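This report covers strand pairing and aromatic contacts. Please have the sequence and the model open while reading.

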Amino acid sequence: MKIVVVGLGYVGLSNAVLLAQNNEVIGVDISQEKVDLVNAGKSPIVDTDLSDYLSKRKLNFIASTNLEKSVKKAKFIIVATPTNYDEKTNCFDTNSVEDVVKIVLKHEPTACIVIKSTIPVKFTESLSKKLKTKSIIFSPEFLREGQALHDNLFPNRIIVGEKSERAEVFAKLL
């Protein structure tokens with residue numbers, strides 16, 4: 001199954017490596033430096049397990065900066081882009097998530113879009129209405145910096161914010 005993970009920070013990279021053990025995975029990031037490191041089998045973040053898996057394990061995983069091309073024929077698109085909290089506005093900046101979802105809907109409208117970024121309550125519902133789509137679901141992450149892959153390999157819980165066949169498939173992938 002083809003899966004695209006957008007954002008190669010702790011959340012995105014650890015999910016990509018987890019899923020690349022049994023699926024075709026493309027990791028997408030705006031940083032050419034991160035993409036080059038991942039394609040060279042090196043982790044751009046500090047995480048012992050990620051470094052080990054990228055350098056020593058057989059993974060079906062490549063990285064790219066080209067989101068439009070990468071999402072073609074993908075079954076799942078995981079969005080793990082930054083949503084930094086702005087203390088002045090008392091809100092999360094969800095622009096990167098919204099931008100990715102719009103691009104995915106334009107280039108692969110049948111894919112299931114799974115948001116794993118930190119977002120406000122009811123964000124998925126409001127974005128779905130705004131973009132007139134039923135393709136978006138939410139699946140929160142419970143990861144520690146430096147232990148992200150370990151936490152994905154041995155999760156104490158998996159939550160997918162929808163009761164559906166596609167949500168069950170996604171949960172089983174994790």
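Strand β4 pairs with strand β7 (residues 112-115) in the parallel sense over four bridges; two strands pair if DSSP finds at least two bridges between them. Helices (H or I, at least four residues) and strands (E, at least two) are DSSP runs, numbered from the N terminus. In this pairing, Ile77 stands opposite Ile113 of β7.

The model is predicted: local features need pLDDT of at least 70, side-chain atom pairs count only at pLDDT 80 or more, and totals for chains, interfaces and linings use all residues. Residues are numbered from 1 along each chain as its sequence is written, and side-chain values use heavy atoms, with hydrogens and water left out.

Strand β1 (residues 2-6) also runs parallel to β4, joined by four bridges, and Val6 has Val79 as its bridge partner. Within β4 (residues 76-79), Phe76 and Ile78 point one way, Ile77 and Val79 the other, and all are buried. Buried means under 20% relative accessible area, exposed over 50%, partly exposed in between (1.4 Å probe, protein chains only).

The structure holds two aromatic pairs. Rings of Phe, Tyr and Trp (its six-membered ring) pair if their centres lie within 6.5 Å; planes under 30 degrees apart count as stacked, over 60 as edge-to-face and the rest as tilted.

| Pair | Centre to centre | Between planes | Class |
|---|---|---|---|
| Phe76 and Phe170 | 5.5 Å | 45° | tilted |
| Tyr85 and Phe92 | 5.2 Å | 65° | edge-to-face |

Phe76 in β4 and Phe170 in helix α8 (residues 165-173) are 94 residues apart. Phe76 is buried at 1% relative accessible area, and Phe170 is buried at 0%. Tyr85 is partly exposed at 41%, as is Phe92 at 32%.
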